[in-house]
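I opened this notebook to record a few items looked up one at a time. The entries below follow the order in which I worked.

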Amino acid sequence: MTDEIELGPVDYFVVEFPGNKMTGEGLPLLVDLVDRGIVRLLDLAFIRKDADGTVTAFEIADLDSDGQLDLAVFQGASSGLLGQDDLADAAALIEPGNSAGIVVFENRWAAPFIGALRRGGAQLVASGRIPVEELLAALDEAEAVH
């Protein structure tokens, strides 16, 4: 990789759908983030975990059964970052009888910022994510103190 390439941090989500119920309600929001250049979708995959624990990868054509391909805009979203081991790890997180969507995305909004820091001699040495539950608990605690 050359120094001229500006990449933002890459994150992933594993979203579990109890009872395999996928409504597609979040898709317009994801499309909007991609369209505005805030994120770049690198990988999108779906798995189902049967009651006996068997895991199957699958594609979704029509989430809300309206006859239109909800995921057409993301067809072919496969960077190669998401492998079989990753799908197995995601499957271990979900309950039998459920399915999951795995989304790998670049935070494009951060790329110019990180690029500018690198050009100035700095380097990103760590990044992380605070789980929502921890953030909410900390906010509740801070509110209780005040």
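Entry 1. I began with the side chain of Glu-106, which makes a polar contact with the side chain of Arg-40 at 2.8 Å. I noted that I was working from a predicted model. The side chain of Glu-106 also reaches the backbone nitrogen of Gly-8, at 2.7 Å.

Entry 2. I then asked where Glu-106 is placed, and found it in strand β4. Is Glu-106 buried or exposed? Glu-106 counts as buried because its relative accessibility is 2%, and the limit for buried is under 20%. Leaving aside neighbours within four places in sequence, I listed the contacts of Glu-106, among them Leu-7, Pro-9, Val-39 and Ala-111.

Entry 3. Next I looked up aromatic pairs, and the count came to one. The pair is formed by Phe-13 and Phe-105; I recorded it as tilted, with 5.0 Å centre to centre and 45 degrees between the planes. Phe-13 lies in strand β1 (residues 10-17) and Phe-105 in strand β4 (residues 98-107), so that the pair links distant parts of the chain, 92 residues apart.

Entry 4. Finally, I turned to the surface. Which residues form a nonpolar patch there? I noted Ile-130, Val-132, Leu-135, Leu-136 and Leu-139, which together have about 490 Å² of accessible area. Val-132 is in helix α4 (residues 132-145). Val-132 counts as exposed because its relative accessible area is 55%, and exposed requires over 50%.

How values were computed
Residues are numbered from 1 along each chain as its sequence is written. This is a predicted model: local features need pLDDT of at least 70, side-chain atom pairs count only at pLDDT 80 or more; totals for chains, interfaces and linings use all residues. Side-chain values use heavy atoms; hydrogens and water are left out. Rings of Phe, Tyr and Trp (its six-membered ring) pair if their centres lie within 6.5 Å; planes under 30 degrees apart count as stacked, over 60 as edge-to-face and the rest as tilted. Helices (H or I, at least four residues) and strands (E, at least two) are DSSP runs, numbered from the N terminus. Patches are made of residues with over 30% relative accessible area and no salt bridge: like charges are joined within 9 Å, nonpolar side chains (Val, Leu, Ile, Met, Phe, Trp, Tyr) within 5 Å. Accessible areas come from the Shrake-Rupley method with a 1.4 Å probe; for residues, only the protein chains shown count as cover. A salt bridge is a side-chain nitrogen of Lys or Arg within 4 Å of a carboxyl oxygen of Asp or Glu. Buried means under 20% relative accessible area, exposed over 50%, partly exposed in between (1.4 Å probe, protein chains only). A polar contact is a pair of N or O atoms within 3.5 Å; within protein, one must be able to donate a hydrogen and the other to accept it, and residues adjacent in sequence count only if both atoms are side-chain atoms. Contact means heavy atoms within 4.5 Å.
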